[in-house]
Amino acid sequence: MIGRREFIALVGVGAAAWPLAARAQGERVRRVGVLMLTSSDEPESQTNIAAFLQGLQEAGWAVGRNLRIDHRWSGTDRARLNQHATELISLGPDVVLAGTGATVQPLQQASRTVPIVFAQAIDPVGAGNVETLARPNSNVTGFLQFEYSLAGKWLELLREVAPELKRVGVIRDPGAPAGIGQWAVIQAAAQ
């Protein structure tokens with residue numbers, strides 16, 4: 001004969017353990033796409049992918065157990081980049097890692113629903129990848145190469161090095177959308 005408290009405790013333990021047992025038996029394998037604007041044999045690329053895999057492993061993800069990763073290496077070939085973006089999206093990934101900001105646009109053209117995370121972008125707002133940094137309002141999010149306000153600090157540092165400095169030249173491509181946010185900060189700081 002089992003008492004009421006023992007029965008409730010037994011059901012509670014069983015209910016808590018059930019998801020763990022079910023997950024261990026039939027854990028869904030998640031699919032991650034990785035699109036790189038480099039070649040697979042570049043040492044920096046291999047270092048970045050190794051760090052990515054290590055971070056996933058530390059978070060409980062393991063290739064072959066609960067994770068599958070599809071890599072595409074485009075080098076600097078823009079046509080191949082577009083082709084690889086379409087290929088990755090057609091595989092039905094749960095999320096795509098975009099190595100740099102330049103890989104985001106082809107991925108966004110291929111899908112407006114698959115989550116895309118960029119590892120490094122100069123100006124995702126200026127490039128049109130996100131609406132604002134605080135509220136992307138799209139399927140894209142990620143990490144900036146430099147926070148915009150840092151561009152103003154560059155002018156401050158120049159002023160410290162050369163206090164008599166009156167003019168500074170900035171070389172940029174006005175037709176390129178990337179860097180618009182940094183350019184705005186530089187102009188404001190120059191005042």
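**Entry 1. Contacts and overall layout**

I take a contact to mean heavy atoms within 4.5 Å. I note here that the model is a predicted one.

I then listed the elements of the protein and found 6 helices and 5 strands. Read from the N terminus, their order is α-β-α-β-α-β-α-β-β-α-α.

**Entry 2. Surface and burial**

I looked up the accessible surface of the protein, which comes to about 12,500 Å². Carbon and sulfur atoms account for 58% of that surface. The protein has 191 residues, and 28% of them count as buried.

**Entry 3. The nonpolar cores**

Which residues have the most contacts inside the largest nonpolar core? I found Leu-35, Ala-98, Leu-107, Phe-118 and Val-140, in a core of 16 residues. The elements that give two or more residues to this core are α3 (78-90), β3 (95-98), α4 (104-110) and β4 (116-121). The greatest contribution comes from α3, with 4 residues.

Leaving aside residues up to four places away in sequence, Leu-35 touches Arg-72, Ser-74, Leu-81, His-84, Ala-85, Leu-88, Leu-97, Ala-98, Gly-99, Thr-103 and Leu-107.

**Entry 4. Asn-129**

I next turned to Asn-129, which is found in the loop between β4 and β5 (140-144). Is Asn-129 buried or exposed? I record Asn-129 as buried because its relative accessibility is 5%, and buried means under 20%.

I also listed the neighbours of Asn-129, not counting residues up to four places away in sequence. They are Gly-101, Val-104, Gln-105, Gln-108, Pro-124, Ser-138 and Val-140.

**Entry 5. An aromatic pair**

How many aromatic pairs does the structure hold? I found 1. The rings of Phe-146 and Trp-154 have their centres 5.6 Å apart. Their planes stand at 85°, so I record the pair as edge-to-face; the cut-off for that label is over 60 degrees.

Finally, I looked up the exposure of both partners. Phe-146 is partly exposed, at a relative accessible area of 32%. Trp-154 is likewise partly exposed, at 34%.

Notes
Residues numbered from 1 in each chain as written. Predicted model: local features only at pLDDT ≥ 70, side-chain atom pairs only at ≥ 80, totals over all residues. Heavy atoms only, no water. Core = buried A, V, L, I, M, F, W, Y, C linked by side-chain atoms within 4.5 Å. Buried < 20%, exposed > 50% of the residue type's maximum accessible area, 1.4 Å probe, protein only. Areas by Shrake-Rupley, 256 points an atom, 1.4 Å probe, with all protein chains shown as cover. Phe/Tyr/Trp six-rings, centres within 6.5 Å; stacked < 30°, edge-to-face > 60°.
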